[in-house]
Amino acid sequence: MSLPVKNENYKEVNYWNERYGNEESYEWCKDFASFKNLFNSAAPNRNDRILVIGCGNSNLSLDLYNDGYKYITNIDYSSVVVEKMRLKEGHLMKFLEMDMRDLNFDPNSFDIVVEKGTLDVLFTSEKSVWELSPETEVDLGRTLSSIQSVLSPGGRFISITFAEPYFRKQQYAKQWSTIQVNSFGDFFHYYFYVCNV
């Protein structure tokens, strides 16, 4: 894994294109087995249409497929990783080059939208967790609004992240009225958010 020179580089597509050109796989926030029970509880219908945003080169989508979820679409804004994943798993699911801030799908296209560590990159240039910069507020707002627009009625947004509920819940509450939070992990805790209207 090639680490960026500065945290802010996590927000730059050039960093990811270079990294994905040299990296086969990496898991943010643990692997699927670590939160499988939480996911199955939040998405019990294996026929749900799932969108994975910021799929990267994670095994999450393949693990979901092997767990019985067959209708999976993945997006990432790195053309390099999208091409690599199409070659690797494109016979099982879709991989599209797209920015999460501007999802180009019809309304009601998905029953579940999942992100695992993807939204965290929006916060990498923040000086304080207590107050977001205008740029991050705009990017996060665009992303969450875009996610909401592609969800079907009763659809759920699942967010798997390092971000503690005190900070992240208030952001999600701007789009969703019901937010459930669980934690997982042995020593370091990760958070599993399920958001719906």
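Me: Before we start, what kind of model is it, and how are residues numbered?
Reply: This is a predicted model, in which local features need pLDDT of at least 70 and side-chain atom pairs count only at pLDDT 80 or more, while totals for chains, interfaces and linings use all residues. Residues are numbered from 1 along each chain as its sequence is written, and side-chain values use heavy atoms, with hydrogens and water left out.

Me: OK, which sense do E1 and E2 pair in, parallel or antiparallel?
Reply: Strands E1 (49-53) and E2 (71-76) pair in the parallel sense over five bridges, where helices (H or I, at least four residues) and strands (E, at least two) are DSSP runs numbered from the N terminus, and two strands pair if DSSP finds at least two bridges between them. Within this pairing, valine 52 has asparagine 74 in E2 as its bridge partner.

Me: And how does the chain get from E1 to E2?
Reply: The chain passes through H3, in a β-α-β crossover that is right-handed, meaning that, with the strands pointing away from the viewer, the path from the first strand over the helix to the second runs clockwise.

Me: What joins E2 to E3?
Reply: Four bridges join these parallel strands, and isoleucine 75 is partnered with leucine 96 in E3. Together with helix H4 (residues 79-89), E2 and E3 form a right-handed β-α-β unit.

Me: Is E2 mostly covered or mostly open?
Reply: E2 is mostly covered, since five of its six residues are buried, where buried means under 20% relative accessible area, exposed over 50%, and partly exposed in between (1.4 Å probe, protein chains only).

Me: Switching topic, where is aspartate 67, and what does it touch?
Reply: Aspartate 67 sits in the loop between helix H3 (60-66) and strand E2, and is buried, at 16% relative accessible area. Leaving aside residues up to four places away in sequence, aspartate 67 touches Phe32, Lys36, Asn40 and Arg46, contact being heavy atoms within 4.5 Å.

Me: Which residues of H5 are buried?
Reply: Among them are Leu140, Leu144 and Ile147. The buried residues of H5 pack against E1, E4, strand E5 (151-161) and helix H6 (165-172).
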